[in-house]
Amino acid sequence: MQHLTTIKAGGSEKDYWKDLWLNRQLLWILSKRDISVRYKQTLLGLAWSVLRPLMTMSIMVFVFSLVAKLEGDPGIPYPLMVLSGLTIWTFFSNTFTQISNSILINSNLVSKVYFPRLLMPLSSVAVGFVDFVITFVIFLIFTVVSGYGLSWNIIFLPAFVILTFIISLGFGLFFAVLNVRFRDIGQLIPFIVQVGFYVCPIAYTSRLVEGQWFENIYKLNPIVGIIDGFRWCLLGDKAYFDPQSLYSTTLISLVILILSVLYFRKKENTFVDHI
Amino acid sequence: MPVIVAENISKKYIIDHQRKSGGPSSFRDIVSDTVDKVFSRKNKKDDFAEKEEFWALKDVNFSIDQGDRIGIVGHNGAGKSTLLKILSRITEPSTGQIKIEGRIASLLEVGTGFHPELTGRENIFLNGAILGMAKSEIKQSFDAIVDFAGVEKFLDTPVKRYSSGMYVRLGFAIAAHLNPEILIVDEVLAVGDTEFQKKCLGKMRDVSESGRTLLFVSHNLTAIQALCNKSFYFEKGRLIDQGETTHIVTNYLSKVSHKMLEKHWDDIDHAPGNDQVRIKSFKLVPEFQDNLSHIDVRTPLDFQFQFWNLEEGANINLSMHLYTFTGECIFNVGTQSEAFGKGLVTGTCSIPGNFLNDGSYVVSMMIVKDTSTILYNMEEALIFDIEDYRENVTWYGKWPGYIRPQLNFSISQTEHLVND
């Protein structure tokens, strides 16, 4: 069959998702590029992905557990609680940051060749995912060595990873568009990530929030539910998790994703004019 | 059968005069602008005046048949690149629509998306995929690409260690193995050495001979004439003429070649100068031959310069500089110094045909007193273009050099090998 393209003002909506599918090889190749570039020029290479979460965990154990005497969920060692929260949070913050910068980083492509621009944020997830897998393996080793058994809840783990992916794409796409238009957004992103770190239950458990006046507002944050759920998958029923929150988490994540994709689609044809 | 049909294509840009630099706006700008607006109570009309519409393309209609090789000519800013960007789907038109039948590949740059940290091998796959080749296609032509680029030894070296020549060769080799039904090529020939340009043109001739459709933007009219059967002529965003290449190129040349060939002032009081000299006129008179209406490399050029001398008995000589458009001086010639009475003085200078290369040139004229004091210097006095002309040559790249003199250069057989 002949390949027919129509170019018109306002974009060719109906072919977009088809184009995206036709370009799936490019998605793969761009992902591979990001991964191999990431590890090519570093002295320690993969070791960084191992060292970073371990060092962050040590600091947090020192500050929150030894100095501030903060306690985790009863029956769960504090370091394990921190490391599990950190694992999924790092996945979120890395992918979110990379998606937000994906268009600017690929600006040389934006001005010289066409493909559905969604490929850029999508491919930028790869590096974050590889890091996540590494951190996750460290967590597993750590858990087994420390003598704390893994829970069977782990079979639900993929659901929470997918949710994390959805929410980081939801937030990331929005910021990716803004980042092209206003360059100051790039400086705002690390700050947002830092705030998020304290707003989300990483160094502490959501149990502490239960019954407080701000509990409902707190739980509107979809990442709270994801971190709680992720922990529950790995550390079992002793970890605090409110299964009811799963509904709102999923719903909010999907709504944010859909709005972001629509916004991205609306703006993607103007990227080239601002780069 | 038409493979590309464009109807009423326009592209509008908004030029914001408020912004001082053309760079990316920041959130801060918006905040400060808003604050300004609130406090200065500017009325809306003023705001409007600061934003100006600019039509990079306006109501462009055309249809291209399968196998057509279209050359696109026009000045810088005529809309050629915008058209290519719209056809390559990098930017979308403000109005109108284009229907394209067949796989389209556009080559706006050599080595798009090359990553300096990746090896040559990795970049071949990356760049190929970016240009729209399937992995199987790249694998199939991998050896041919490597061979064409001549980088076998450096396949596993990061391209950041490549020389710029190798980089460009590899980039073009990949593009050359694209197999689209429609190929769009921007001025990529302007980069790289002569050898590379030759390769590019050769490859493009292959494309055009294999019955595929080609769109080609270039300032190199010789290349366009050699490769393209039809041409589009753009001016200020409009497609003002289309048709057979020879016709379009002649039309284009007759319009470009009158840039600033004459300047004159009839009123001595308002003429440029000072109380010692006043300029009357400066003009370039080409000696057209064979009914030509534009200057090409064969055309002899006469310069006539007239000025009023206002000081009795001044010792005056003229000095003329010829520069390339980019500012390199090609030569400087001067007259003998002579004493002149008050009144009109005329200087003439002739540049023979078959001396200057094709290109754009700038002339400046200096009036000098006592061979040392500059009385008046008329900078960028005249600007003119010389077009290319070649006979019995099958090579179409840009002719190198500032000048292209016809020297006595001949070859002949001086000895025969005798077979016995």
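Predicted model: local features only at pLDDT ≥ 70, side-chain atom pairs only at ≥ 80, totals over all residues.
**Exercise 1. Find which elements of chain A touch chain B, and say what kinds of residues they bring.**

Step 1: Start with the head count. Chain A puts 31 residues into the contact, and chain B puts in 38 residues.

Step 2: Now look for the elements of chain A that give two or more residues to this side. They are β1 (4–8), α2 (24–40), α5 (107–110) and α13 (271–274) of chain A.

Step 3: Pick out the biggest giver. That's α2(A), whose 7 residues are the largest share of the side of chain A that touches chain B.

Step 4: Sort that side by class. You get 12 nonpolar, 12 polar and 7 charged residues.

**Exercise 2. Work out which strand of chain B pairs with β1(A), and in which sense.**

Step 1: Lys8(A) has Gln97(B) in β4(B) as its bridge partner.

**Exercise 3. Describe how α3(A) and α7(A) pack.**

Step 1: Know what to look for. Two packed helices are described by the angle between their axes and the distance between the axes.

Step 2: Get those two values. Helix α3 (residues 47–67) of chain A and helix α7 (residues 125–145) of chain A have axes 9 Å apart, and they pack at an angle of about 60°.

Step 3: An angle from 35 to 65 degrees falls between roughly parallel and roughly perpendicular, so α3(A) and α7(A) are oblique to each other.

Step 4: The crossing of α3(A) past α7(A) is right-handed.

Step 5: List who meets whom. Ser49(A), Val50(A), Pro53(A) and Leu54(A) come from α3(A), and they meet Asp131(A), Ile134(A), Thr135(A) and Ile138(A) from α7(A). By class, this contact has 5 nonpolar, 2 polar and 1 charged residues.

**Exercise 4. Say how chain B is divided, and how many Å separate the centres of its domains.**

Step 1: Read off the bounds. An automatic or database assignment gives domain 1 (65–255) and domain 2 (262–386) of chain B.

Step 2: Over C-alpha atoms, 42 Å separate the two domain centres.

**Exercise 5. Trace the 6-stranded open sheet of chain B and find its edges.**

Step 1: Write the order. The strands go β5-β6-β7-β3-β8-β9 (chain B), and the pairing is mixed.

Step 2: Spot the edges. β5 (104–107) and β9 (238–244) of chain B each have a single partner strand, so one side of each has no neighbour in the sheet.

Step 3: Note the turn between neighbours. Ignoring direction, it is 15° on average.

Step 4: Zoom in on one pairing. Strand β3 (residues 69–74) of chain B and strand β7 (residues 213–217) of chain B are parallel, with 4 bridges; here Gly71(B) stands opposite Phe216(B).

**Exercise 6. Follow β17(B) to its partners.**

Step 1: Take one partner. Strand β13 (residues 314–324) of chain B pairs with strand β17 (residues 359–369) of chain B over 9 bridges, in the antiparallel sense. Met320(B) has Met365(B) as its bridge partner.

Step 2: Take strand β18 (residues 373–386) of chain B. It runs antiparallel to β17(B), with 10 bridges.

Step 3: Look at the turn. β17(B) and β18(B) form a hairpin with 3 residues between them, and Asp370(B) in the turn has a positive phi of about 50°.

Technical notes:
Residues numbered from 1 in each chain as written. Chains lettered and ligands numbered in written order. Contact = placed C-beta atoms within 7 Å. Nonpolar A, V, L, I, M, F, W, Y, C, P; charged D, E, K, R; others polar. Pairing = 2+ DSSP bridges. Axes fitted to C-alpha atoms, helices over the stretch in contact; angles between N-to-C directions. Parallel < 35°, antiparallel > 145°, perpendicular 65-115°, else oblique. Left-handed = near helix turned anticlockwise from the far one by under 90°.
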